[in-house]
Amino acid sequence: MEQIILLCLVSTILSAVHAQKFFFSPNWGPIGYKEREEHDKTAMDEIIKTNEFQASQIIDGTTTLREGDIAVSSGRRSKVCFARSCLWSKSVDGHVYVAYRLSSEYSEMETKLIKKGMENVEKGTCVRFVPWTHQRDYVDIQPKSGCWSFLGARGGRQTVSLQSPGCLRVGVISHEFMHALGFVHEQSRFDRDNYVTIKWPNIWRDRLRNFEKFKTDSLDLPYDYSSIMHFGMYAYSQDGEPTIIPKNSQNSNNIRLGQATALSHLDTMKINKLYKCDTMDDN
């Protein structure tokens with residue numbers, strides 16, 4: 001009897017050790033995310049990490065997430081906006097004022113981070129985020145489940161979800177506001193196969209649709225490997241191998257996909273071209 005009890009104790013200890021190795025292994029993580037060095041992470045890596053851990057791909061009965069963080073509704077307001085089809089209104093003074101309402105659940109520090117993400121988008125463009133007072137169209141920033149936004153101006157109140165703490169990184173915040181302005185992910189461009197190779201066998205099977213192409217308006221600007229809207233090289237990897245690699249470039253090994261904290265120069269140019277900004281200053 002004592003031998004049986006001893007065997008049971010040994011078995012329990014071994015099981016606990018194996019479990020600890022599983023849960024704390026650096027190779028373990030949610031679908032589409034593999035822990036990497038801090039300097040290698042992109043805004044989209046952080047979004048994937050948060051959304052695959054904590055956010056359902058179905059927000060509610062009529063709204064789902066496409067490409068990991070773009071909210072798409074069915075029914076009356078199901079129009080999918082690409083570039084010029086859903087712009088925010090431009091004021092007579094040449095600025096595009098995007099009204100926002102910020103949840104009272106955010107702390108003072110979190111509020112500062114969100115405003116820093118807004119400033120990234122404002123810098124060098126005519127876009128300005130202003131507190132909501134009476135405007136019909138505005139973004140309602142809420143700490144819901146995950147990081148996501150609708151695409152472009154939908155009319156009326158529209159949610160931008162910035163869950164705390166996972167989404168409260170400056171680059172993630174800027175990324176979601178870029179979606180709200182009407183921009184899709186860079187590798188969704190219809191001409192992307194001229195610039196990157198999608199490694200389909202390395203992608204989790206139930207996330208293949210996140211790599212679809214769309215007939216978007218490229219605004220006659222070059223493909224932007226370093227866009228804050230670009231997936232990272234290992235996005236949705238099922239085996240730790242790259243899912244996106246640069247194509248036909250002598251320096252492809254030195255090209256970094258995506259951006260962690262700030263808009264790229266071309267990201268700023270996209271905003272200016274889409275919204276026909278007359279001013280490039282920071283005032």
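Predicted model: local features only at pLDDT ≥ 70, side-chain atom pairs only at ≥ 80, totals over all residues.
Me: What share of the contacts in the protein chain join residues at least 24 apart?
Reply: Start with the chain itself: it has 283 residues, and 48% of them are buried. Its accessible surface is about 14700 Å², with 54% of that belonging to carbon and sulfur atoms. Now take contacts between residues at least 6 apart in sequence; the share that joins residues at least 24 apart is 71%.

Me: Which strands stand at the edges of the seven-strand sheet?
Reply: The sheet is open, its pairing is mixed, and the strand order is β1-β2-β6-β7-β5-β3-β4. On average, neighbouring strands are turned by 35° against each other, direction ignored. Two strands have a single partner each, so one side of each lacks a neighbour in the sheet: β1 (63–66) and β4 (127–131).

Me: In which sense does β7 pair with β5, and in which with β6?
Reply: Strands of a sheet pair through backbone hydrogen bonds, and the sense can be parallel or antiparallel. With β5 (residues 138–142), strand β7 (residues 157–162) makes five bridges, and that pairing is parallel. With β6 (residues 147–150), β7 makes three bridges, and that pairing is antiparallel.

Me: Which residue in the turn between β6 and β7 has a positive phi?
Reply: β6 and β7 make a hairpin, with six residues between the two strands. β7 itself is mostly covered, as five of its six residues are buried. In the turn, the residue with a positive phi of about 75° is G152.

Me: What angle does helix α3 make with β4?
Reply: Helix α3 (residues 108–122) packs on the sheet, where it touches β3 (96–102), β4, β5 and β7. Its buried residues, among them E110, T111 and I114, pack against those strands and also against α4 and α5 (265–274). The direction of α3 against that of β4 comes to about 150°.

Me: How far does α3 reach from its first C-alpha to its last, and which residue just after it takes a positive phi?
Reply: α3 has 15 residues, and at 1.5 Å a residue the expected reach is 21 Å. The model gives 21 Å, close to that expectation. Just after the helix, the residue with a positive phi of about 80° is G124.

Me: Which element gives the largest share of the largest nonpolar core?
Reply: This core has 52 residues, and the ones touching the most other members are I114, I141, L162, F177, L181, I271 and Y275. Leaving out residues up to four places away in sequence, I114 touches L102, Y106, I141, L162, L168, I173 and F177. The largest share of the core is six residues, and they come from α4.

Me: Is L219 buried or exposed?
Reply: L219 is found in the loop between β8 (196–198) and β9 (244–246). L219 and I271 are 52 residues apart in sequence, yet their C-alpha atoms are 9.7 Å apart in space. The cut-off for buried is under 20% relative accessible area. L219 has 4% relative accessibility, so it counts as buried.

Me: What does D239 count as at its relative accessibility?
Reply: D239 is also found in the loop between β8 and β9. From D239 to P201 there are 38 residues in sequence and 9.6 Å in space, C-alpha to C-alpha. With 41% relative accessibility, D239 counts as partly exposed.

Key. Residues numbered from 1 in each chain as written. Heavy atoms only, no water. Buried < 20%, exposed > 50% of the residue type's maximum accessible area, 1.4 Å probe, protein only. Contact = heavy atoms within 4.5 Å. Areas by Shrake-Rupley, 256 points an atom, 1.4 Å probe, with all protein chains shown as cover. Pairing = 2+ DSSP bridges. Helix = DSSP H or I, 4+ residues; strand = E, 2+ residues; numbered from the N terminus. Axes fitted to C-alpha atoms, helices over the stretch in contact; angles between N-to-C directions. Expected span 1.5 Å × (residues − 1). Core = buried A, V, L, I, M, F, W, Y, C linked by side-chain atoms within 4.5 Å.
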